[in-house]
Amino acid sequence: MCGIVAYIGPKDATPFLLEGLARLEYRGYDSAGVAVAGRTGGLKVRKVKGRVADLAAVVPARFKGGTGIGHTRWATHGVPSDANAHPHLDNAERIAVVHNGIIENADELRARLAADGAVFRSETDTEVLAHLIAAHTAEGTELEDAVRAALGKVVGTYGIAVLDAEQPDRIVVARNGSPIVLGIGEKEMFAASDVSALVRYTRQVVHLEDGELATVRADGFRTFTEDARTTHRQPSTVDWEIDSYDTGGYEHFLLKEIHEQPGSVERTLSGRLDERFATAHLGGLNLDARELREIRRVKILGCGSAYYAGEMGAQLIEELSRIPAHSEPASEFRYRNPVIEADTLYVAVSQSGETYDTLAAVQEIKRKGGRVLGVVNTVGSAIARECDGGIYLHAGPEISVASTKAFTSTVVAFALLALHFGRIHDLSPADGRRIVAGLKALPDQIREILAQGDGIAELAAEYAESEGMMFIGRVRGYPVAREGAQKLKEISYVHAEAYPASELKHGPLALISPELPTVALVPDDELLDKNLTTLGEIKARSGRVLAIAHRRPDAKLADHCVLVPKSEPELDPLLLNIPLQLLAYHAAVELKRDVDKPRNLAKSVTVE
């Protein structure tokens, strides 16, 4: 959940380190620091509690050196402070380490190192690594050998970059459960925890595998395992543009990404709709029609918004293919000793492709012989590499912590998967054509909703000061309600609850009051009358109602309404969700929240 950058080459490292950290700040933003190997020897280090801008303000102009590492932190061990910020050093201030992940046996290692004379200056688990590597750095020892020896004693997850003041011609990086990417330049090399830090400088990247290390020099790199076996990694090309990492004139990345959804949906659909046979082309599944017909159940795994997208996907799969489907949190899955069935298809959902809980679930399924598909946005990510096949979203980079365009593209990907399954099973050509037409219409319908942004902003200003909000929906609408509540909570800090509308009178109705407004999903479908009855129950108890609907309810049933264009019933949830994104965004702006970097959260959760 933190950000790592590293540079080695003929230029001064500091400008790249600071810019790279700024691009990675969405991964962690409670403290930041850099370490540079000076051209005259020794390490120069600056680190501060706060944002990357605070760090830049204290880095002096003469902070120069051609080899450097940097870090932006999201605290796991120890409160945000200057002392707990990375990089961490050994007592001789020769070894500098930046680290993402968690060292599970840190306390044991700390006690052993302290007994041998190490003096600790922070509360972090990462500082253990600096002392441990230093303990293996005898006269003439290569830095990579010292790092390998130290990691052999470590239990936990890590993505690290290590700098040695006495060997400034190299940086050693390693990965186990937390991403590290190498960037290949002209007589210079880069490393980072995310390609967003690299795309301005190079498009040629190498993704390390778990258990793999690399020695990075200005003229190239070498990859190897913890037991010193050489590995061979071929570079791949990043196809995302540098403009994707700028706000593009919008006030926040989140608003930009909300408005990018028509384009991101078009990319997710591109080349995948087969109008002739009313189905979807999904060659990346690596499953032929006969194998797909043998599947009797689909289990979808994700965390946060990916889990809610999975709930929407499960409903699409059941409706269109009549295969039982279910979504559950990946973070809970492996701890209940799940039964892995040969005729079940498991689908792992992750925007980053690096979510640790989801990756661990994939590995558990694979260990037990299950078949796993990935629905991810990041090409070459750990989950994409672990899975047997899958669907890339092609939504483009998502910088804001709260997921919007990746969420929508994930649901579109599930619609394609459901259509593909359905046409192999019993979905008629006529219904297939209906879904294909509905998918093609989505981008323009999303544009129609986005055009209502000013009106939704006015509603958000009216509701933002509420003590909390209730979100309700029936069947297809319930996962939309859950995602809407999630968005409001994570970026505006307004408490929100989501319930099936049918469950309201089984307990939550006791909460209804003028101070607790309800956002109700009211599609024009077979459950319209029941939803309108629920609105009447709320109004009878003096509750305020904001309806997200295809048709405006009677004024006696809803105080306000946002109208959404009608799609096919199975696809309606995609469009009903868009106003909820805008509602959460404008509420957060009204409350003066840090929209792109909400407190206590980070974009890519690479620890448990």
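Which side chain does a polar contact of 2.2 Å join to that of T225? In this predicted model, where local features need pLDDT of at least 70, side-chain atom pairs count only at pLDDT 80 or more, and totals for chains, interfaces and linings use all residues, the partner is D227. Residues are numbered from 1 along each chain as its sequence is written, and side-chain values use heavy atoms, with hydrogens and water left out. A polar contact is a pair of N or O atoms within 3.5 Å; within protein, one must be able to donate a hydrogen and the other to accept it, and residues adjacent in sequence count only if both atoms are side-chain atoms.

T225 lies in strand β13 (residues 220-225); strands (E, at least two residues) and helices (H or I, at least four) are DSSP runs, numbered from the N terminus. T225 has a relative accessible area of 12% and is therefore buried (under 20%, 1.4 Å probe, protein chains only). Neighbours within four places in sequence aside, T225 is in contact (heavy atoms within 4.5 Å) with R148, G211, L213 and T231.

A402, in the loop between β22 (389-392) and α13 (405-424), is buried as well, at 1%. Its C-alpha is 7.3 Å from that of L254, 148 residues apart in sequence.

Helices α16 (residues 477-492) and α18 (residues 572-590) pack at about 15°, with axes 9 Å apart; axes are lines fitted to C-alpha atoms over the stretch in contact, and angles run from 0 to 180 degrees between N-to-C directions. The two are therefore roughly parallel (under 35 degrees). Residues in the contact include V480 and L488 of α16 and L576 and L580 of α18.

Terms used. Angles under 35 degrees count as roughly parallel, over 145 as roughly antiparallel, 65 to 115 as roughly perpendicular and the rest as oblique. Buried means under 20% relative accessible area, exposed over 50%, partly exposed in between (1.4 Å probe, protein chains only).
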